[in-house]
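Work through each task before you read its solution.

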Amino acid sequence: MRHTSLRAALACGVVLWTALPGAAGAAEKAAVFPVELFDPGAAYGSRTRPMDARKLALVTDELRNALRDKAGLDIVDTAPKADVVAKEGPLYKCNGCAADIAKSLGADLVVTGYVEKGSGQIFNLSVAIAEADTGKVVRGGQVTIRADTDDTWAHAMRWVVKNRLLAEPLPGKS
């Protein structure tokens, strides 16, 4: 009987130890690319409005911080490949090019997202996490944003991270 209790306690300790970020080895590296805007009503070649660019940067920061702080991922700087992203993008419709770019940065995972503009006050936020080696999506989620404020955009990203991306541990994260 004592051996069973001792084994259970040891197993529990091993499970807890491996659940800690970085405890079982180096943290997985993730290339989190800037969240993009898909505006089907925009004229060809039009630029993102400054207020939308600010919100995209805000949700990108929310995503990077959450994946670093809550999932224990090592976030890779994607800036060195910004020219490739600009040439190949937008990433949400480049047919898997983001995985190749992430792999060239030494990342294990690739994280992409976009906001689809529906109307002046309704947007859809979509985020996907894929393996850089295969491009296979391992986690994804989306949510509708029903007001065009910094708070609603940030809240939407926090919701997607909590309820879709990290609702269960990422593969390899026990």
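Helices (H or I, at least four residues) and strands (E, at least two) are DSSP runs, numbered from the N terminus. The model is predicted, so local features need pLDDT of at least 70 and side-chain atom pairs count only at pLDDT 80 or more, while totals for chains, interfaces and linings use all residues. Residues are numbered from 1 along each chain as its sequence is written, and side-chain values use heavy atoms, leaving out hydrogens and water.

**Exercise 1. Write down the order of the elements.**

Step 1: count the elements; the protein chain has 5 helices and 6 strands.
Step 2: read from the N terminus, which gives α-β-β-α-β-α-α-β-β-β-α.

**Exercise 2. Find where confidence is lowest and where it is highest in the protein chain.**

Step 1: recall that pLDDT is the predictor's confidence in each residue, from 0 to 100.
Step 2: go to the elements; helix α1 (residues 2-19) is lowest, with a mean of 34, and β1 is highest, at 98.
Step 3: look at residues 1-23, where pLDDT stays under 50 and the model has 4 contacts (heavy atoms within 4.5 Å) beyond four places in sequence.

**Exercise 3. List the buried residues of helix α4 and what they pack against.**

Step 1: apply the cut-offs: buried is under 20% relative accessible area, exposed is over 50%, and partly exposed is in between (1.4 Å probe, protein chains only).
Step 2: in α4 (residues 97-104), the buried residues are C97, A98, A99, I101 and A102.
Step 3: their packing partners are β1 (29-32), α3 (82-88), β4 (109-117) and β5 (123-131).

**Exercise 4. Describe the aromatic pair of F38 and Y92.**

Step 1: rings of Phe, Tyr and Trp (its six-membered ring) pair if their centres lie within 6.5 Å; planes under 30 degrees apart are stacked, over 60 edge-to-face, and the rest tilted.
Step 2: the whole structure holds 3 aromatic pairs.
Step 3: F38 and Y92 are 5.4 Å apart, centre to centre, with 50° between the planes, and this pair is tilted.
Step 4: F38 is in strand β2 (residues 36-38) and Y92 in the loop between α3 and α4, 54 residues apart.
Step 5: F38 is partly exposed, at 27% relative accessible area, and Y92 is partly exposed too, at 26%.
Step 6: together with Y114, F38 and Y92 form one aromatic cluster.
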